[in-house]
Amino acid sequence: ELSLDVVNDAYKRDIVMAPTGKFSGQMWKLFPVKNGLYRLFNDFTGSEKCLDVYSDNEVAHLSKAALGTSGQYWKLEKLGPVENF
């Protein structure tokens, strides 16, 4: 099983899928923004950084939380069962 996790380096901005465990970089909090959109923060980096995406290459990372930054707004949808490939 894998979970979204923060790379523990000097920058604390890169994210990876890592084996699930009781790690603060895998503990995410949802903050409602507007119209069913959320910003995602984690316990490792705190409320200073949230999940973001670069506009030029669509790579997800953590960056300084800033209101009005569309790359930091996420829509969550419940999916049905996922079959193995």
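**Entry 1: the Lys29 salt bridge**

I began with Lys29, which makes a salt bridge to Asp43, with 3.3 Å between the closest N and O atoms. The pair ties together distant parts of the chain: Lys29 belongs to strand 3, Asp43 to the loop between strand 4 and strand 5, and 14 residues separate them. I keep in mind that this is a predicted model.

**Entry 2**

How many salt bridges does the structure hold? I found two.

Strand 4, residues 37-42, pairs with strand 7 in the antiparallel sense, over two bridges. I then traced the whole sheet: it is open, has three strands in the order 3-4-7, and its pairing is antiparallel. Which strands stand at the edges? They are strand 3 (28-32) and strand 7 (74-75); each has a single partner strand, so one side of each is left without a neighbour in the sheet. As a reminder to myself, strands of a sheet pair through backbone hydrogen bonds.

**Entry 2: Thr45**

Back to the loop between strand 4 and strand 5 (49-53), where I looked up Thr45. Is Thr45 buried or exposed? Its relative accessibility is 14%, and with the limit for buried set at under 20%, Thr45 counts as buried. Leaving aside neighbours within four places in sequence, I listed Val6, Lys12 and Leu62 as the contacts of Thr45. I also took the C-alpha to C-alpha distance from Thr45 to Lys64: 10 Å in space, for 19 residues in sequence.

**Entry 3: His61**

My last stop was strand 6 (residues 60-64), which holds His61. This histidine is buried, with a relative accessible area of 5%. What does the side chain of His61 reach at 3.2 Å? I found the backbone oxygen of Val59 there. Beyond its neighbours within four places in sequence, His61 touches Arg13 and Ile15, and also Cys50, Leu51, Asp52, Val53 and Tyr54.

Notes: Residues are numbered from 1 along each chain as its sequence is written. This is a predicted model: local features need pLDDT of at least 70, side-chain atom pairs count only at pLDDT 80 or more; totals for chains, interfaces and linings use all residues. Side-chain values use heavy atoms; hydrogens and water are left out. Two strands pair if DSSP finds at least two bridges between them. Helices (H or I, at least four residues) and strands (E, at least two) are DSSP runs, numbered from the N terminus. Buried means under 20% relative accessible area, exposed over 50%, partly exposed in between (1.4 Å probe, protein chains only). A polar contact is a pair of N or O atoms within 3.5 Å; within protein, one must be able to donate a hydrogen and the other to accept it, and residues adjacent in sequence count only if both atoms are side-chain atoms. Contact means heavy atoms within 4.5 Å. A salt bridge is a side-chain nitrogen of Lys or Arg within 4 Å of a carboxyl oxygen of Asp or Glu.
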